[in-house]
There are 2 protein chains.
Amino acid sequence: MESTFTEMDSIFNRTKSALVEFMAILTPIIENAKDDHERLFWHHIYEEEEHRSDRLSILMPKIQAMLKNGLNLSGNQPELVHLLQDISLEKFGLHNFLEHLDLFLFQFKETELEGKIHPLRQFTYNDYQQMKVILEKLNLEFQGGSQFNTSIPTDEKEGNDSDVKIEAYANGNISGTPQAIPSKKKTLTVGSLKQS
Amino acid sequence: MESTFTEMDSIFNRTKSALVEFMAILTPIIENAKDDHERLFWHHIYEEEEHRSDRLSILMPKIQAMLKNGLNLSGNQPELVHLLQDISLEKFGLHNFLEHLDLFLFQFKETELEGKIHPLRQFTYNDYQQMKVILEKLNLEFQGGSQFNTSIPTDEKEGNDSDVKIEAYANGNISGTPQAIPSKKKTLTVGSLKQS
């Protein structure tokens, strides 16, 4: 389990640097937005990332302290449950970051900014996949599923709401760039996406 | 302090109904989006609101249980600190909802949907102002500020990042519709906004 927490620590460190880089790229875009609508849009995303940064600044030292002092994961102490809830929230934060980057790539496709965002997008995608595996492990280990596993994006939820899903974001279904997102999910199956 | 929790309970109930209504309005917009970019954009907002809904479903019974069983707010129990952190997160969630509604109003200005969203936007704005007052009260009461008061939007932060702020969203500065948001914050003062 220690390696799981070490891995999580690396993911949070990487995404913290990436969000700082993203916010720096957004700053002049917000300042020079062509109208109030565009300004509010990027401002809103900037603000969400800033909030994520603040949350990570509180969470990361807790994980690092656990790693330093040895993991004490026995029992079902409230502190541990809350730590796991916070981790679950940051899994969702990573998912949101991925979509923020994809929204950016849609608007700034074929500009010089595309080249700066693509690498962030690529490792964020990989890190998010890894975070899903980590959360599954933690769920199995602590059996506290319903208490902290609330951070399931729409695309990964089973059952309802299928009409608003983007299948390219569903489990095991996404490949590379946001340009690969199909607009009509019902015309594509898991198989057809895997082959594409 | 009991009246503060009763008021918070009302706010969360109102916003829970409002987000369900908003998600229902978003569903056909996502389904019929004109391209992948627009589809991802509304899908992303839908997903954030769905996540907020899931979090509120866990938080609201806790607040209701506290109200039913009598508030036990003495000391600095971990459970209480975490409850306050969760409340702080939902203050930020309410702020995000307000911006989601404003983004909607930008795109669907002068359509029949505008009339459906405006009332939600108006009471969400009022509820958010009220949540700020509630959080201030809780901060004073529990002196645990740094532990749970991390949910301060960019516009309300003091000091840095002023270039990306939208002054219309700053404390005590916003009036009505998003159309009132100035594009160049530096040309407007608190006074000029209050008079507008």
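Before the first numbers, a definition: axes are lines fitted to C-alpha atoms, for helices over the stretch in contact, and angles run from 0 to 180 degrees between N-to-C directions. One caution as well: this is a predicted model.

Let's start with a helix pair in chain B. Helix α1 of chain B covers residues 2–31. It packs with α2(B) at an angle of about 155 degrees. The two axes are 9 Å apart. Angles over 145 degrees count as roughly antiparallel. So α1(B) and α2(B) are roughly antiparallel to each other. The crossing of α1(B) past α2(B) is left-handed. What classes of residue make up this contact? There are 18 nonpolar, eight polar and eight charged residues in the contact of α1(B) with α2(B).

Next, salt bridges. Over all chains, the count is ten. Take one in chain A: the side chains of R14(A) and D127(A) meet at 2.9 Å, N to O. R14(A) sits in helix α1, residues 2–31 of chain A. D127(A) sits in helix α4, residues 112–142 of chain A.

Last, the cavities. The whole structure has seven of 30 Å³ or more. Which helices line it? In chain A, α2 (36–69) and α3 (78–107) each supply at least two residues of the lining, and so do α2 (36–69) and α3 (78–107) of chain B. The lining has 20 residues. Nearest the centre lie E48(A), R55(A), N96(A), R55(B) and N96(B). By class, the lining has four nonpolar, eight polar and eight charged residues.

Key:
Residues are numbered from 1 along each chain as its sequence is written. Chains are lettered from A and ligands numbered from 1 in the order in which they are written. This is a predicted model: local features need pLDDT of at least 70, side-chain atom pairs count only at pLDDT 80 or more; totals for chains, interfaces and linings use all residues. Side-chain values use heavy atoms; hydrogens and water are left out. On a 1 Å grid over the protein atoms alone, a cavity is a set of points where a 1.4 Å probe fits but cannot get out, and a pocket is an open set with protein on both sides within 12 Å along at least five of seven lines; lining residues have an atom within 4 Å of a point. Grid points are joined across faces, edges and corners, and a volume is the space filled by probe spheres set on the points. Helices (H or I, at least four residues) and strands (E, at least two) are DSSP runs, numbered from the N terminus. Ala, Val, Leu, Ile, Met, Phe, Trp, Tyr, Cys and Pro count as nonpolar, Asp, Glu, Lys and Arg as charged, and the others, Gly among them, as polar. Angles under 35 degrees count as roughly parallel, over 145 as roughly antiparallel, 65 to 115 as roughly perpendicular and the rest as oblique. A crossing is left-handed if the near helix is turned anticlockwise from the far one by less than a right angle, and right-handed if clockwise. A salt bridge is a side-chain nitrogen of Lys or Arg within 4 Å of a carboxyl oxygen of Asp or Glu.
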